[in-house]
Amino acid sequence: MSEQNAPPFADSPSWWERVLPPALILIALLIVWEGAVRWLGIPKWLLPAPTAILERFLKLKTLWSHTGLTLMEAASGFAASAILGIGLSAGIVHSRFLERGVFPYVVVSNAIPIIAIIPLLTIWLGFGFAPKIMIAAIISFFPIVTNTTRGLKSADALALDFMRSINATRWQVFAKVQFPTALPFIFAAFRIASSLSIVGAVVAEFYGSDRGLGYLVITSATQLQTDLLFVSITVLAALGIGCFSLFGYIERRFGSAQAERGYQR
Amino acid sequence: MAPDAAQVPCIHLDGAGVTFRTSRGTVEAVSDVSLDIGEREFLALLGPTGCGKSTLLRLIGDLTPPTHGRVEVRGQPAHAARQRNEFGFVFQEPALLPWRTALENVRLPLEVVGFPPEKRRMRCEELLQLVSLLGFKDSYPHELSGGMKQRVAIVRALAWEPSILMMDEPFSALDELTRNRLQEDLLALWAVEHKTIVFVTHNISEAVYLADRIAVMSPRPGRITAVLPVGLPRPRLPEMRETMEFLDHVREARKALGG
């Protein structure tokens, strides 16, 4: 039992060997920061001390509603993108017309700076959370479509020939061969797209909103409430890391399950 | 049993050919092939690499459409035969799905052709038993050796009882001992599930050992230059590989190949 759970490499560090060094660096950094602010008398609006930031964090009761809203916008946009993106990829793989007609636009759309679209979407959709969801969806669409398409296309040519030789329907080929082949690619895309969707929601909130973490960032900056700005940034960083690790974890779990099943032949 | 079996052709090719269009002009992969293959006949397509024998096999199995001539299976276009699931394909690589166990891989075609769900498991176990792999039914492809994987691929192609087995150099990626073992397994299997077999190979003694007739192909353009009956008695036994008669057939086939 213990042998099966042993790390794959003999010299791979245990968890505390991995966590301890960065934790020590962080603590040292915080101590220097705190000390510098106190002894050099740096004003609060320029650089608040870590303890002041923590105090603000604990007292801020509205923080969770702001965080919840941003998270909802990002998750909705991401979910819409995941469904539409995988659907479009399936279409691209099955139709040469779609591949030639739509795929170039998907690639080009990635080159448009997302920030430039926000005012336009605000004109169309107003100041509610609709344009925020839209931006979160647009920004996460590209990695999902490109990765899923690549995954679906990497299905084994002979396995596809076999399916054709037994007169399998397109749906059977997709469900039994192409989609399972693409799953690791899709999880990798989700990891990237989920953190991008948070960026999208926050940036959209910069422009015309009265709630959300993006709003908190903008107002605290303009009012020189620097401690609040630090609180917002910290929460955003935590959300981004959380998304990345969640899908990274699923990907690894799935990846190792597939590796055990000889996914990499 | 073979040459007279040709009186009732299972597969009928009449001037069939395939021309591929590439950026550097057209390539005649298969040219003007006329050939009848009998019901339950074991026919080997023998030729050097790149002579179009795989393309000819794909042509018969309706994976590649003919650009010239006709390909018929029991009097109907090959397309109709593929739609009736008459072809069981085995390729040079096993092409198993790595996320499915051996049993699940054998079950794949049963799911596609609409085999009764309650009978699938029993059928798969019966097939794996036939190639002595029942003990590995829950193993994933990467846990099996090359020869075991190819045996799974062979019974996968037999699962729904297609009438024609299409084999594209199925043993060429295996070492010689495994190859000989699988040739014997295939003949034993053929004795139980008596199909028409079209077997592509570049290995002369493999063709002689297995086939009723050998269609010899030459490249550029890929055409059949000779059809040699193999008069060796059945059942074919490993010791036959050493007999004068066997070696005569090998020599004849080599001559027909132009080597």
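Analyst: A definition to begin with: two strands pair if DSSP finds at least two bridges between them. Strand β3 (residues 42-46) of chain B and β8(B) run parallel and are joined by five bridges. Note that this is a predicted model.

User: What is the bridge partner of Ala44(B) in β8(B)?

Analyst: Phe199(B) is the partner of Ala44(B).

User: Which other strand is joined to β8(B) by five bridges?

Analyst: Strand β7 (residues 164-168) of chain B, which also runs parallel to β8(B). In that pair, Leu165(B) is opposite Ile197(B). β7(B) and β8(B) also belong to a right-handed β-α-β unit, with helix α7 (residues 176-192) of chain B as its helix.

User: How many residues of β8(B) are buried?

Analyst: Six of the six residues in β8 (residues 196-201) of chain B are buried, so the strand is largely enclosed by the rest of the structure. Thr196(B), Val198(B) and Val200(B) point one way, while Ile197(B), Phe199(B) and Thr201(B) point the other way.

User: Staying with α9 of chain A, is Glu205(A) buried or exposed?

Analyst: Glu205(A), which sits in α9 of chain A, has 27 C-beta neighbours inside 10 Å and therefore counts as buried. The cut-off for buried is 20 or more.

User: What is Glu205(A) in contact with?

Analyst: Leaving out neighbours within four places in sequence, Glu205(A) contacts Thr70(A), Lys132(A), Gly212(A), Leu213(A), Gly214(A) and Tyr215(A). As for Lys44(A), 161 residues apart from Glu205(A) along the chain, the two C-alpha atoms are separated by 26 Å.

User: Now the contact between the chains. How many residues does it take from each?

Analyst: It takes 20 residues from chain B and 19 residues from chain A. On the chain B side, the elements giving two or more residues are α3 (78-83), β6 (87-90) and α4 (102-113) of chain B. α4(B) gives the most, with four residues. That side of chain B divides into 14 nonpolar, four polar and two charged residues.

User: Domains next. What does the assignment give for chain B?

Analyst: Domain 1 covers 1-86 + 164-174 + 181-259, and domain 2 covers 92-162. Taken over C-alpha atoms, the centres of these two domains of chain B are separated by 25 Å. Their contact takes 18 residues from domain 1 of chain B and 14 residues from domain 2 of chain B.

User: Which element supplies the largest share of the domain 1 side?

Analyst: For the side of domain 1 of chain B that touches domain 2 of chain B, α7(B) does, with six residues. By class, that side has 10 nonpolar, two polar and six charged residues.

User: And chain A's domains?

Analyst: In chain A, the assignment gives domain 1 (1-42) and domain 2 (46-260). The centres of domain 1 of chain A and domain 2 of chain A are separated by 29 Å, again over C-alpha atoms. The contact takes six residues from domain 1 of chain A and five residues from domain 2 of chain A.

User: Back to sheets. What is the strand order in the open sheet of four strands?

Analyst: The order is β2-β1-β4-β5 (chain B), with antiparallel pairing. β2 (25-38) and β5 (76-77) of chain B are the edge strands, each pairing on one side only. Strands β1 (residues 9-22) and β4 (residues 68-73) of chain B pair over five bridges, and His12(B) is opposite Glu72(B) in β4(B).

User: Last one: why is α2(B) described as largely enclosed?

Analyst: Because seven of the eight residues of helix α2 (residues 53-60) of chain B are buried. Among them are Lys53(B), Arg58(B) and Ile60(B). Just after α2(B), Asp62(B) takes a positive phi of about 65°.

Technical notes: Residues are numbered from 1 along each chain as its sequence is written. Chains are lettered from A and ligands numbered from 1 in the order in which they are written. This is a predicted model: local features need pLDDT of at least 70, side-chain atom pairs count only at pLDDT 80 or more; totals for chains, interfaces and linings use all residues. Two residues are in contact if their C-beta atoms, placed from the backbone, lie within 7 Å. Ala, Val, Leu, Ile, Met, Phe, Trp, Tyr, Cys and Pro count as nonpolar, Asp, Glu, Lys and Arg as charged, and the others, Gly among them, as polar. A residue is buried if 20 or more other C-beta atoms lie within 10 Å of its own, exposed if 12 or fewer, and partly exposed in between; C-beta atoms are placed from the backbone. A crossover is right-handed if, with the strands pointing away from the viewer, the path from the first strand over the helix to the second runs clockwise. Domain bounds come from an automatic or database domain assignment.
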